[in-house]
Each structure stands twice: as structure tokens, then as C-alpha cells.
Amino acid sequence: LSLPQATGKPFADLCLFGQAASMKVIEWAMVLAPYAVFGLICNVTIHIGIETITGVGAYAVSVLLGLFSMFLVYLLIVSLIGKYNPLHFLRGIRNAQIFAFSTSSSAATMPFTLKAAEENLKIDEKVSRFVIPLGATINMDGTALYQAVAALFLCSVFGVDLSTGEIFLLMITTVGASIGTPATPGVGIIVLATILSGIGVPPEGVGIILGVDRILDMCRTTLNVTGDLVAT
């Protein structure tokens, strides 16, 4: 900013080129991704068997049941600790939940979350503007649950036997990893691949669950946003 415009222009042009080039590479990746996922699923199916694909349905149902159970716990907290009618609470946060479900991003939903907290739930602005941005960064309960279930499912698929102690360690790892997961769509699967490589599961195993990841991502983001509002 302090340099003359003519002097800084080459650097600005370089930055613009960097952004354009990065977006082009991402565009290529998005075009190739469906074929790559299909290839990964075929490869795993050939080596392990068709029952792997049917198992994905059971995995998805397990994640959804887990998320729903956690949702009921949230409503219990609202009722017993917050002394607030759960139905009124759900009515007040409905728009934030719908936006979270459609975008799969806690960060993108934050304006709606703040509006729901301050206008609908009548929460003090000082509280909401501290808790909600913090929650969008570190409160990823739905993501933690999903990563734990996915890791156990893929361990079963690839025949990796975990002891009780290793399962407990896996739970702690997924909770810690979820705290560091960015509040953007699809990043949870990348963090999951990192966790899998640490417990002996081939990272390409995520290809098996990529087909159902989007809908699960939408559901877990909705739960994450609900958790932020419960905490607020």
C-alpha cells in the first residue's frame, strides 16, 4: 500500500495469477473427482467384495442415528439446564439449521446463527458474539462422532483389529481432530484420511464412504450449529 501503484502492480498481477491458477486446478479436480471416487470404490470392491457397498448403508444409518441421539441430548440440555422450551428453541433456530444443512458450513451459517441467538432467542449480544464464533471454530461434535464411526467402519472393512485401548485412543484422536477441522464443506473427510493412515487403514479407503459423505456432512453441520446455539 505504501509503494507507488506502478511499482506494486507486478506483485498484484502475480497474486491474481496465483488465484486464477489455483481455481483452475481445483476446477480440474472437481471434474475428475466423480470418476476417481468410482475407481476407488471399484478397486476396493474387487479386493474385498460387494458386501462392502451394502455395508456403507449400515454405516450411514449408524452415523445418522448417532447424530440424532446427540440432538436429543442437546434438547435435554436446553430443557433441564437452560430452562427453555425445546419446541420454542427449535422454532427460533430453524433458519440457521436449514442454512447449515444446505451449505454444510458452520462458518457460512454464522450470520444466521447470530441472528437466531440475538433476535429469536433474545440472548445477550456479548454472549452470542463470543460463543458462536468460538463454537464455529472448535465445537464440532457431529464431525467428531462421524469421524469415529467412519474410522471404526473402515477398520472393519480392511480387517484392522483394534483393542479396547486403541478404540478409546481413536475416540480421543477424533475429538481432537474435529476441533482443528475448518468450518467448511468436505474438509472432515480429509482430516479422516489423516486419522486412518495413523491406525493402519489405507487412506484410499475413504473412497468407499465418499458416495454418502455429502448428506452426512449436511447433517453433522446442522448438529454442530445446533450445538453452538445450545451452548450460547
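I began with isoleucine 81, which is exposed, at a relative accessible area of 67%. (Exposed means over 50% relative accessible area, buried under 20%, and partly exposed in between, with a 1.4 Å probe and protein chains only.) I noted that this is a predicted model, where local features need pLDDT of at least 70 and side-chain atom pairs count only at pLDDT 80 or more, while totals for chains, interfaces and linings use all residues. Residues are numbered from 1 along each chain as its sequence is written, and side-chain values use heavy atoms, with hydrogens and water left out.

**Loop between helix 2 and helix 3.** I placed isoleucine 81 in the loop between helix 2 (51-80) and helix 3 (86-103). (Helices are DSSP runs of H or I with at least four residues, strands are runs of E with at least two, and both are numbered from the N terminus.) Ile81 belongs to a nonpolar surface patch with Val73, Leu76, Ile77 and Leu80, and together they have about 480 Å² of accessible area. (Accessible areas come from the Shrake-Rupley method with a 1.4 Å probe, and for residues only the protein chains shown count as cover. Patch residues have over 30% relative accessible area and no salt bridge; like charges are joined within 9 Å, and nonpolar side chains (Val, Leu, Ile, Met, Phe, Trp, Tyr) within 5 Å.)

Lysine 83 also lies in the loop between helix 2 and helix 3. I found a positive phi of about 50° there, although lysine 83 is not a glycine. Lysine 83 is exposed, at 69% relative accessible area.

**Two other loops.** Lysine 122 sits in the loop between helix 4 (106-120) and helix 5. Its phi is positive, near 60°, in a residue other than glycine. Lysine 122 is exposed, with 65% relative accessible area.

Next I looked up asparagine 139, in the loop between helix 5 (125-138) and helix 6 (141-157). Asparagine 139 is buried, at 18% relative accessible area. Its side chain makes a polar contact of 2.8 Å with the side chain of aspartate 228. (A polar contact is a pair of N or O atoms within 3.5 Å; within protein, one must be able to donate a hydrogen and the other to accept it, and residues adjacent in sequence count only if both atoms are side-chain atoms.)

**Helix 7.** I checked the length of helix 7 (residues 164-179): its 16 residues should span 22 Å at 1.5 Å a residue, and the end C-alpha atoms are 23 Å apart, which agrees. (The expected span is 1.5 Å times one less than the number of residues.) The buried residues of helix 7 are Leu170, Thr174, Ala177 and Ser178. They cover an arc of only 95° around the axis, so they are on the same side of helix 7. (The arc is that of the directions from the helix axis to the C-beta atoms.) Thr164, Phe168 and Leu169 are exposed on the other side of helix 7.

**Salt bridges.** I took a salt bridge as a side-chain nitrogen of Lys or Arg within 4 Å of a carboxyl oxygen of Asp or Glu. The count is six. One of the salt bridges joins aspartate 13 and lysine 9 at 3.1 Å, N to O. Aspartate 13 and lysine 9 are four residues apart in helix 1 (residues 5-48), so about one helical turn separates them.

Arginine 129 and glutamate 125 form a salt bridge at 3.7 Å, N to O. They are four residues apart in helix 5, about one helical turn. Salt bridges with shared partners join Glu118, Glu125 and Arg129 into one network.
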